[in-house]
Amino acid sequence: QQIELGGYEHFMLKEIMEQPESLRNCFRGRLDHREGRVVLGGLSKYTRDLVRAKRFIVTAQGTAYHAGLIGEYLLEDLAKVPARAAYASEFRYRNPIIEDASVILAISQSGETADTLAALREARERGALALGVVNQVGSTISRETDAGVYLHVGPEIGVASTKAFVGQVAVLTLIALYVGRRKFLAADVLAHYIDQLEKLPDHIQTVLKQSDHIRDCVEKVVDRDNWLFLGRGYNYPVALEGALKLKEISYIHAEGMPAAEMKHGPIALIDEGMPVVFIAPRGSQYDKVISNIEEVKARGGRIIAVATEGDEEINRYADFVFRVPDVPEPLQPLVTVVPLQLLAYHGAVLRGQDVDKPRNLAKSVTVE
Ligand code: G6P
């Protein structure tokens, strides 16, 4: 095990730190710079069906579901196809309506999650084209789909999923661009995304350098038992994921939600010193997020902000700032989630928890 840990104290930290490399592996052979194409061999037989698809249903559980929610935004934004993410456990029992030309896209690191498999079967029986976004090669879900894209991020051992999430979001981005380009996305726009995607592993590396800074900040608030995570747009699912990570391994109660929802109830929770994490990179909704931050600050909350490099304005409001490079909005989750992974990791270690063996959790839930 010591050898496998490669000098890291925990698998989770190792997997967080190896994300630049795992993302490079995920992208290998898939970003064709010269031809300006996204290459997804696993989908090539079904390209026409994907272009004609009228609806995507993205289904998953846990962290994979959060990736799926980002997928919903990506597919609508970049491929202009109606999409919705659904918890597999809910979808399968609701007697789901599958319209013509529907695609069910199951996301699963292990490829063995019982509910995700059942939802996939249900939709496929009702006529949907079944796609898989899976890490584990040859797993049950990968065998039961018509086509798919593997993550190729390597085995994930840490119970709290990190590099698989980044791989899932990356693959969903590629799928959305693949479909989008065949519908309306201009060649130069795709070329720009390819450029930006290629830079992401280095960008993540830059974020990882803040690990010590993040630990020092977390240390000052880690005694607090209730946290909020808020974001908008593409960063709303990132808020959910940040809260889940913290819950899973540090046992701190955390809730994630769209920043605007705070006003509809959760704002009542905010008191002196409550940590509130804002995922607030520069983008179309930046000003709205700033006004949400002001509201929390006025009530004594302690603001932890994930913000764009060079954004000085945020310093006026935030008690702690974690920096991410400036990337196009649809790619933001791939960088904004990284400081939240480190936050959860350091929080758990500071609280003396066993990060790789969190209580009550399993790496893969193969019963309903
Ligand atoms: C378990 C794991 C989570 C994971 C979820 C879905 O709850 O602890 O980390 O996100 O299952 O697993 P899957 O293998 O389908 O991605």
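The axes of helix 5 and helix 9 (residues 163–183) come within 9 Å of each other and cross at roughly 20°. Angles under 35 degrees count as roughly parallel, so helix 5 is roughly parallel to helix 9. The model in which this is seen is a predicted one. Helix 5 passes helix 9 in a right-handed crossing. On the side of helix 5, the contact is made by Thr63, Ala64, His66, Ala67, Ile70, Gly71, Leu74, Leu75 and Leu78. Helix 9 contributes Phe165, Gln168, Val169, Leu172, Thr173, Ala176, Leu177 and Gly180 to this contact. By class, the residues of the contact between helix 5 and helix 9 are eleven nonpolar and six polar, with no charged residue.

A second pair of helices can be described in the terms used for the first. Two packed helices are described by the distance between their axes and the angle between them. For helix 10 (residues 187–208) and helix 14 (residues 333–350), the axes come within 9 Å and the crossing angle is roughly 25°. Helix 10 and helix 14 are therefore roughly parallel to each other, and their crossing is right-handed. Which residue classes are found in the contact of helix 10 with helix 14? Eight of the residues are nonpolar and one is polar, and none is charged.

These helices belong to a chain whose secondary structure comes to 14 helices and twelve strands. The radius of gyration of the chain is 20 Å, close to the 21 Å that the globule rule gives for 368 residues, so the chain is as compact as a globular protein of that length. Taken along the principal axes, the box filled by the C-alpha atoms of the chain is roughly 55 × 45 × 45 Å.

Technical notes
Residues numbered from 1 in each chain as written. Predicted model: local features only at pLDDT ≥ 70, side-chain atom pairs only at ≥ 80, totals over all residues. Axes fitted to C-alpha atoms, helices over the stretch in contact; angles between N-to-C directions. Helix = DSSP H or I, 4+ residues; strand = E, 2+ residues; numbered from the N terminus. Parallel < 35°, antiparallel > 145°, perpendicular 65-115°, else oblique. Left-handed = near helix turned anticlockwise from the far one by under 90°. Nonpolar A, V, L, I, M, F, W, Y, C, P; charged D, E, K, R; others polar. Rg over C-alpha atoms; globule rule 2.2 N^0.38 Å. Contact = placed C-beta atoms within 7 Å.
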